[in-house]
Structures are given as C-alpha cells and as structure tokens.
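This report is written for a reader meeting the structure for the first time. Please look through the sequence and the model before reading on.

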Amino acid sequence: MSVIKFIPSNHVIDAIVDMKLLVAARKNKIPIRFGCAACSCGICVITVSEPSALRPMTADEEALLRKLQVSVAGDVRLACQARMTGAVDATVDLSFLPDVVSNNDDDNAH
Ligand code: FES
C-alpha cells in the first residue's frame with residue numbers, strides 16, 4: 001500500500017485506488033481549497049511529486065490546466081479530478097498557486 005503525504009499540513013494517508021484526491025482529503029479532514037468539484041473552477045490545483053501516483057488526466061482536466069497556464073506534464077493536477085493509483089508514494093502540495101481564485105472570472109475580464 002502506498003501513501004500520500006499532503007503538505008503543508010503533513011497529513012499522511014494510505015492511497016485508496018481510484019479515489020479522488022479531493023475526496024480523500026475531505027474524508028481525512030485535511031484542509032483543501034476547492035470550489036466546483038467538477039473540473040470547471042481551477043481552485044483545487046495542486047502539485048504532486050510523483051505523477052504515477054495519480055491516474056492520467058482526462059481531456060477536460062488537461063484543458064482546464066492549460067487555461068490556468070500551468071504544467072500539463074502530470075506534476076500539476078486538479079484535486080477534484082485526480083484519482084490515486086496506489087502505485088507509489090507521493091507528496092501532494094496543496095499550497096500551489098494560492099492566488100488562484102476562479103478561471104471563470106477570466107472569461108468576463110476582457
Ligand atoms: S474544485 Fe473546481 S476544478 Fe476542482
């Protein structure tokens with residue numbers, strides 16, 4: 001069984017195969033930013049130390065990450081979309097892009 005460490009809180013949980021990071025964090029009472037929980041706001045963006053700890057991103061997740069102008073190489077993910085593989089230990093940084101509020105605001109900014 002692999003583990004996922006959430007920083008900055010330093011909570012460590014057992015990875016549950018196919019459970020989304022957001023769900024795992026909430027179940028374990030780990031403070032985490034989220035909004036829509038449906039791949040539209042971008043508030044839940046995180047970084048992961050080992051991309052193989054998470055299932056590959058969907059086209060929708062990749063599209064939103066591109067809109068946020070962050071990496072789509074697998075090291076940046078949306079907690080509400082990223083599902084654990086249980087394959088390797090990893091650290092998930094919940095403090096990535098603390099200023100992300102909502103990409104929906106960008107749509108109306110121009
Ligand atoms: S909570 Fe909105 S994209 Fe994840």
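## Nonpolar core

A nonpolar core is a set of buried Ala, Val, Leu, Ile, Met, Phe, Trp, Tyr and Cys residues joined through C-beta atoms within 7 Å. A residue counts as buried if 20 or more other C-beta atoms lie within 10 Å of its own, as exposed if 12 or fewer do, and as partly exposed in between, with C-beta atoms placed from the backbone. In this predicted model, local features need pLDDT of at least 70 and side-chain atom pairs count only at pLDDT 80 or more, whereas totals for chains, interfaces and linings use all residues. Residues are numbered from 1 along each chain as its sequence is written.

The largest nonpolar core has 25 residues, and those with the most contacts inside it are L21, I46, A79 and V92. Two or more residues come from each of β1, α1 (21–27), β3 (45–48), α2 (59–68), β4 and β5, and α1 gives the most, with four residues. Leaving aside residues up to four places away in sequence, L21 touches I46, A79, A82, M84 and V92, where a contact means that two C-beta atoms, placed from the backbone, lie within 7 Å.

## Elements and sheet

Helices (H or I, at least four residues) and strands (E, at least two) are DSSP runs, numbered from the N terminus. The protein chain has three helices and five strands, which follow one another from the N terminus as β-β-α-β-α-β-β-α.

An open sheet of five strands has the order β2-β1-β5-β3-β4, with mixed pairing, and two strands are said to pair if DSSP finds at least two bridges between them. Because β2 (11–14) and β4 (76–78) stand at the edges with a single partner strand each, one side of each is left without a neighbour in the sheet.

## Pairing around β1

Strand β1 (residues 3–7) pairs in the parallel sense with β5 (residues 90–93) over four bridges, and here I4 stands opposite A90. With β2, strand β1 pairs in the antiparallel sense, over four bridges, and F6 stands opposite H11. The hairpin of β1 and β2 has three residues between the strands, and in this hairpin N10 takes a positive phi near 70 degrees.

## Confidence

The predictor's confidence in each residue, pLDDT, runs from 0 to 100. Its mean over the protein chain is 91, and 88% of the residues reach 70 or more. Over residues 103–110, however, pLDDT stays under 50, and for this stretch the model has six contacts beyond four places in sequence.
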